[in-house]
Amino acid sequence: MDQTILLLNKQSCLDQLTKLGINYILHNYEPTPVFEHHIKIQMSDDTTYIKNLLYVDNKSNYYLILANHTTKIGKLFLKNLGLQLGNIKLSEEEQITEELKSSKDNFSLFALFNDSNNLIKNIIIDEELTKFKRVLLHLIENTNIVVITFDDLQNKFLKTLNKNYSILQLRDITDQQTLEQQNKQTLAITVKKSDFTEWYQQVIRKGELIEYYDVSGCYILRPWAYFIWEQIQRYFDDLIRTEDVENAYFPMLLPSKYLIKKQDHVQVQKAEIAWVTKQGQNILNEPLAIRPTSEIIMYPAFAKWIQSYRDLPLKVNQWTNIIRWELQQPTPFIKTREFLWQEGHTAHQRREEAIKQVYTILDFYEQVYNELLAVPVIKGIKTESEKFLGADFTTTIETIIPQNGRGLQCATSHHLGQNFSRMFDINFEDDKKQKIYVWQTSWGLTTRSIGAMIMFHSDNKGLILPPRIAKYQIIIIPIIQKDIDQILLINRCEQIKQILIKLKLRVYIDSRDNYSIGWKFNKWEQKGVPIRLEIGPEEFKNNQVTVISRFNNKKYQITIQELNQLNQILDNIHNSMLKKAEIELNQKIKNADNWNEFMLQFNQRNTILTKWCERTQCEQQIKTKSGQESKEKDLKFDGLIQPSKGASALCMPLKQDQIIEGQKCFHCNQQAKKYVLWGRSY
Ligand code: 87F
């Protein structure tokens, strides 16, 4: 029997806490090893358990360390304190026991109430603890735990007792990274979706999509994210195969001489091109550009391949990475310096044929967004100033991020006319031996699409993946309890998994025994798996599973015979996700007939559909004026002030009402020609 239980009185401790004005919650438990308490108590994410460690050095100086329960105290750290493992004299506990009325191996922080002789002069608080709001401490023995705020611990408890303390990092630096990683992985998302920028950063990291990297604007796509990209690739490849597009691969380096010719479309964005200038220490005779797009790389080859009308149409696509050295604030997936994309390039005999191709591809892009990512989009045409400079016209699909009302260009499909074929001399002879320049298209879809999907669909708990792109569509979690044979239960899970695999579903059983059930629930919720199947003793007995939908939290049981409903359930989830997103998108589109109405909506972070005269000068004025009158604050990135953006023309939607004679542009009052959607864009 531990004598300290007799020495330190529980009630007097609690009375003292009250006297100090410290609010506490008391828990009583069956005696179990201390560590298990923090698991049993339903700890919220802002609460942690403190372990107290009492060390003593050769000169009988005591060190009381308040450490987060997960912290491994580094040997180096102890050494720096003048302590080595060998110097910890736990055997000299008598003095401590007598003076402070607590034991050495189960030292209570509240024993400090008894330290009138100031025996413990050195108190060290683990820096980890500063991340939490509340802490759990055992009161005297294992069976009593109090919860108090970390703030009260510092400012009421330690201060009143006149105890000085330092907050230090207890881990050796070398351990830091792995521990930080562990913590980041296990902790919940700390902000709401309304705190959008911070929320997004946390969702993509805790959902294990992204890891950060030491080149600004470049990110690691983890398997969970890369799988989504692979699904997009598969789906889009199948679509373009129906159009006889072939995949190929062109080099990523561009000789600089290719860029010296006046290439309008490149000149404008030259600042974004990254260069290879050295081989080892030697400067290259000819610097090489890293592709920001591949027209200039591909089209000289097209000129060689196309001689006769029999060589047409030529349809080539490639899946590659691209580098564009953006100077704006990067956002993972959405605006990055390196990204993945497909770029398709076609050459045709006739103009109409090329135009038809442009719109077929635009429809394919819409399908990728709607059918795979459950993201609604608006098909449209870019204005003259927003189109690709090398194109006759640019079609686009755009979406609007509901949280901030920003327009996001999702993919573009260009009609290049004969602009490039003239420049690169891509021509063929027709039946009359006449030289004809080909009609071209180009089109691209990037990893930005994944960003749009995340922004639309995730919530305060983390990712919600639409079923068709989720690496695992179903996570099976065995609920292991005392009254059931673990092996039987896991076997049942395995059986169910096999049934689901036959249904062509992607499934994973999380039978890890080093994580609690609650931890697993959180983790898979953060990762956005559409459906969780729980199988515990009840389900086992009744030949059932419990189904929980990540999207709407609905929970119900189905029998094993009914498992084949899961395909339909997943389809329903997809459809509901798309429908919900469509409603959210439509709520962000407002109409305006004059400047005041326009600015009112713009300042409320909406996009605005207006009648417009289609004049570039008018468009520029709208952009400048709306920027000046905007209520948004300027942003800072890399030390540069980036003035708040004005409204740009996102697109002229394909679906729009006819404009009739006499209807005016909302801005300049000249004859209107088209409806345009305006907004702040990414
Ligand atoms: C950045 C630097 C240099 C975009 C650039 O949309 C050149 C460019 O040409 C550039 N950023 N673009 C336009 C790309 C046009 C087009 N290329 C094929 C696409 C789809 C795929």
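How many nonpolar, polar and charged residues does the lining of the largest cavity have? I looked this up by class and found 7 nonpolar, 2 polar and 4 charged residues. Ala, Val, Leu, Ile, Met, Phe, Trp, Tyr, Cys and Pro count as nonpolar, Asp, Glu, Lys and Arg as charged, and the others, Gly among them, as polar.

I note that this is a predicted model, in which local features need pLDDT of at least 70 and side-chain atom pairs count only at pLDDT 80 or more, while totals for chains, interfaces and linings use all residues. Residues are numbered from 1 along each chain as its sequence is written, and side-chain values use heavy atoms, with hydrogens and water left out.

**Entry: helix packing**

I looked up helix α9 (residues 223-241) and helix α15 (residues 448-457), which pack at an angle of about 115° with their axes 10 Å apart. Helices are DSSP runs (H or I, at least four residues), and strands are too (E, at least two), numbered from the N terminus. Axes are lines fitted to C-alpha atoms, for helices over the stretch in contact, and angles run from 0 to 180 degrees between N-to-C directions. I therefore recorded α9 as roughly perpendicular to α15 (65 to 115 degrees).

I then listed the contact (heavy atoms within 4.5 Å): Ala-225, Ile-228, Trp-229 and Ile-232 in α9 meet Ser-449, Ile-450 and Met-453 in α15. The residues of this contact divide into 6 nonpolar, 1 polar and no charged.

**Entry: lining elements**

I found that α17 gives the most to the lining of the largest cavity, with 3 residues. A cavity is a set of points on a 1 Å grid over the protein atoms alone where a 1.4 Å probe fits but cannot get out, and lining residues have an atom within 4 Å of a point.

Conventions
Parallel < 35°, antiparallel > 145°, perpendicular 65-115°, else oblique.
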